[in-house]
Amino acid sequence: MDKKKYLRWMSGGLLVVATTAAQADLLIYTASLSGAAEATPNASPGVGSATVTINTVSHTMLIDVMFDALMGLTTAAHIHCCTAAANTGTAGVATAVPNFPGFPTGVSSGSYNASFDLTLASSWNAAFITAKGGTTAGAEAALLDGLDDELAYLNIHSNLFPGGEIRGFLTRTLPEPSALTLLGLGLGGLLGWRRR
């Protein structure tokens, strides 16, 4: 193989590896929220969606929630972790209590978008930190394990449903391949084909 072909082949491979490694830093989890998904199901017509994006390099968590048609008025919202079995049961609150800071209360519909620094104790329930080794790093590791095992849920509480009006278990979502990854795979395949 001549030097130019070798360099092109290596460039394509490195592009694929670099792009894939950059994407591995973001973990995305989503949930559909409903009254039927509560531990004691209820007849609330309320619906919602949640996306939790964790950056494992910067140790941040972005929470994006939308909700509508609640029967009651919001009183609290947070992430619970970790149940004994996937997609069922209840667990203590992992994130700040009683509420995500700035979450809209006293409303039946709304949205919320905020980022949290997972190295700060204020992003967590103190009891969760204590139960997970006494450090924010331990709490983060436990939450990530719980999320990957589908043992964590986000719920919204209201004055009519103090235990929670709508909730949904968070499940891992694989990000769409980026254009650069696809380009790198295409180049690698093309170079391999030309080599034959």
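Helices (H or I, at least four residues) and strands (E, at least two) are DSSP runs, numbered from the N terminus.

**Before starting.** I'm looking at a predicted model, where local features need pLDDT of at least 70 and side-chain atom pairs count only at pLDDT 80 or more, while totals for chains, interfaces and linings use all residues. Residues are numbered from 1 along each chain as its sequence is written, and side-chain values use heavy atoms, with hydrogens and water left out.

**The whole chain.** I looked up the secondary structure and got 4 helices and 8 strands. From the N terminus on, I read the order as α-β-β-β-β-β-α-α-β-β-β-α. Next came burial (buried means under 20% relative accessible area, exposed over 50%, partly exposed in between, with a 1.4 Å probe and protein chains only). Of the 196 residues, 39% count as buried. I also checked contacts (heavy atoms within 4.5 Å). Among those between residues at least 6 apart in sequence, 65% join residues at least 24 apart.

**Helix 3.** Which residues of helix 3 are buried? I noted T136, G138, A139, E140, A142, L143, L144, G146 and L147.

I moved on to D149, which sits in the loop between helix 3 and strand 6. D149 has 47% relative accessibility, so I wrote it down as partly exposed. I also looked at D149 together with N87: they are 62 residues apart in sequence, but their C-alpha atoms are 9.0 Å apart in space. Helix 3 is followed by E150, and I found a positive phi there, near 60°.

**The disulfide.** Last stop: cysteines. A disulfide is a pair of cysteine sulfur atoms within 2.5 Å, and by this rule I count 1. Where is it? It joins C81 to C82, with 2.1 Å from S to S. The torsion about the S-S bond is about 75°, so I noted the disulfide as right-handed. Are its two cysteines buried or exposed? C81 is buried, at a relative accessible area of 5%, whereas C82 is partly exposed, at 28%.
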